[in-house]
Amino acid sequence: MSKINVNDKDIVIPGEVLAVGMDNFPGAGSYREGDNIIASRLGLVQLDGRTIKLIPLSGRYIPKNYDTIIGKVVDVNMNGWRLDTNSPYSAMLSMKEATSQFIARGADLTKFYDIGDYVSCKVINVTSQKLVDVTMKGMGLRKLRGGRVIQAASNKVPRIVGKEGSMISMIKDATKCNMMVGQNGLVWISGTPEGELLAVEAIRKIEEESHLSGLTDKIKEFLEQKNKSIVK
Amino acid sequence: MSNELREHLIRLFESNIRLDGRKFTDYRPVKVEVNVTNTAEGSARVMIGKTDVIAGVKVEVMEPYPDTPDEGSIMVGAELLPLSSAEFELGPPGQKAIELARVVDRGIRESKCLDFKKLYIKEGEKAWMIVVDICTINDAGNLLDASSLAAIASLRNTTFPEYKDDKIDYKKKTNKKLELKDIPLSVTVIKIGDKFLVDPDSDEEKAIDTRLTVASLSDGTLCALQKGGDYPLTSEDIAKMVDIGIEKGKELRKLVK
């Protein structure tokens, strides 16, 4: 006999039994133990056919294939760079994947990316042991020069980006800043001093109010108000 | 330290603005709470922005040092808890923790606000030892100023426990307060490029050229200095930084009163 113990959009905590029986499958954020499907993190239930998924409400970023993230160079090796990914696992950027430029044998790798530099990159492989490989070959993947990098909660990233990038492009327009949001919650902002501050403030506001409806309108109002006071 | 960040900071400073929008000589919001623990004879919690520090004072009775038989003493210890920053590790105190404790200690000791002669109980045999312990709860920059503020705020609220027949009863508190003649306060002034700033946040701390911790009294008397960072300072620089330090010290002092 199979039974689902939860409804769609319920909030569940780790260890909660979501369903009993073999008729359902564990999705992201849940696992099977014997007959039971159990939540592994705090999140919102999403019933997708016979799969039970969780949308995480808290927790660190966990690297996933094809995610575009912002990494910080923490080490330079013989054959590449080690990046901090704002997650429990560091990523490896190999020389081959780092640039389309030719790197001569024995070249000083710090000439390309030095310790402390931020780069945008894409996750290409995550092993079961969570060894992460990233690439910088692709559109918009580059070293982030100037500007600042701030840390936001990685599970709020979809809110910060908005539907088809609506939120982020609105902030970009209002603050006249260049911005890039990594799936790991790091946000790169570069522009005028006032614009950068406004962008940071807007992102903090999104993080705080992400659960409320009509978020885009609220942020739009907030930005317009702030922009008016700057013009004055 | 990333050069990108430093260059970005200097670019911002050109238009008289800091990373978080403050002016050069602005502190983040400072909050001081006193008597936050029951077991300490005096305690204080100081929050500067997101930086959070707790200081506690214990008084002990010990044998005075042989060279000062009629004096008590003060001892300051600091612990940088691993929970307060990703950079702090468990284990014996490192360079940063020792410097922090010594700067706070020196600021108080050299101000002569604490009369050691009043701390002795029996000459050559018994004297009060004031032990200040500083714990960092969160490091978001400027631990030096936060710790010195917490230490002095806790000392000002210290009461002696009952002392009878050579024994201290920590459970019984007396009305006798620890006397302090003045409030010595440390203000750390940092130099990045050619600009002087107070109250650096974590990012600014990483981009520091030099820092000078200025401890002063309410009338502007200088009691201690500590220089850090890799670059030298000219005498004009030092004069400017001391002026800023004394000025900001006066502002902070209002919070302790």
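**View 1. Ile150(A) and Val187(A) facing one another across two strands of chain A.** The model is a predicted one, in which local features need pLDDT of at least 70 and side-chain atom pairs count only at pLDDT 80 or more, whereas totals for chains, interfaces and linings use all residues. Residues are numbered from 1 along each chain as its sequence is written, while chains are lettered from A and ligands numbered from 1 in the order in which they are written. Strand 14 of chain A is joined to strand 16 (residues 186–190) of chain A by four bridges in the antiparallel sense, two strands being taken as paired if DSSP finds at least two bridges between them. These strands belong to an open, antiparallel sheet of three strands in chain A, whose order is 14-16-15. Its edge strands, each pairing on one side only, are strand 14 (148–151) and strand 15 (178–181) of chain A, and the twist from one strand to the next averages 20°.

**View 2. Helix 4 of chain A packed on the three-stranded sheet.** Helix 4 of chain A touches strand 14, strand 15 and strand 16 of chain A, and its direction makes about 155° with that of strand 16 of chain A (axes are lines fitted to C-alpha atoms, for helices over the stretch in contact, and angles run from 0 to 180 degrees between N-to-C directions). The helix comprises 17 residues (193–209), which at 1.5 Å a residue should span 24 Å, and this agrees with the 25 Å between its end C-alpha atoms; the expected span is 1.5 Å times one less than the number of residues. Gly195(A), Glu196(A), Leu197(A) and Leu198(A) are among the buried residues of helix 4 of chain A, as are Ala202(A), Ile203(A) and Ile206(A). Glu201(A) also lies in this helix, but is partly exposed because 15 other C-beta atoms lie within 10 Å (a residue is buried if 20 or more other C-beta atoms lie within 10 Å of its own, exposed if 12 or fewer, and partly exposed in between, with C-beta atoms placed from the backbone). Although Glu201(A) and Phe222(A) are 21 residues apart in sequence, their C-alpha atoms are 9.8 Å apart in space.

**View 3. Strand 12 of chain A with strand 9 and strand 13 of chain A.** Strand 9 (residues 68–76) and strand 12 (residues 118–126) of chain A pair in the antiparallel sense over five bridges, and here Ile70(A) stands opposite Ser120(A) in strand 12 of chain A. Strand 12 of chain A also pairs in the antiparallel sense with strand 13 (residues 132–135) of chain A, over four bridges, with Lys122(A) opposite Thr135(A). The hairpin of strand 12 and strand 13 of chain A has five residues between the strands, and in it Lys130(A) takes a positive phi near 60°.

View 4. Strand 11 and strand 12 of chain B run antiparallel and are joined by seven bridges, and Ala215(B) stands opposite Ala224(B) in strand 12 of chain B.

**View 5. Helix 5 of chain B and what covers its buried residues.** Helix 5 (residues 235–256) of chain B has 22 residues and reaches 31 Å from its first C-alpha to its last, close to the 32 Å expected at 1.5 Å a residue. The buried residues in this helix are Met241(B), Gly245(B), Ile246(B), Lys248(B), Gly249(B) and Leu252(B). Their cover includes strand 1 (30–34), helix 3 (143–156), strand 9 (185–192), strand 10 (195–198) and strand 11 (210–216) of chain B.

**View 6. The contact between chain A and chain B.** Eight residues of chain A are in contact with nine residues of chain B, two residues being in contact if their C-beta atoms, placed from the backbone, lie within 7 Å. On the side of chain A that touches chain B, the residues divide into two nonpolar, three polar and three charged (Ala, Val, Leu, Ile, Met, Phe, Trp, Tyr, Cys and Pro count as nonpolar, Asp, Glu, Lys and Arg as charged, and the others, Gly among them, as polar).
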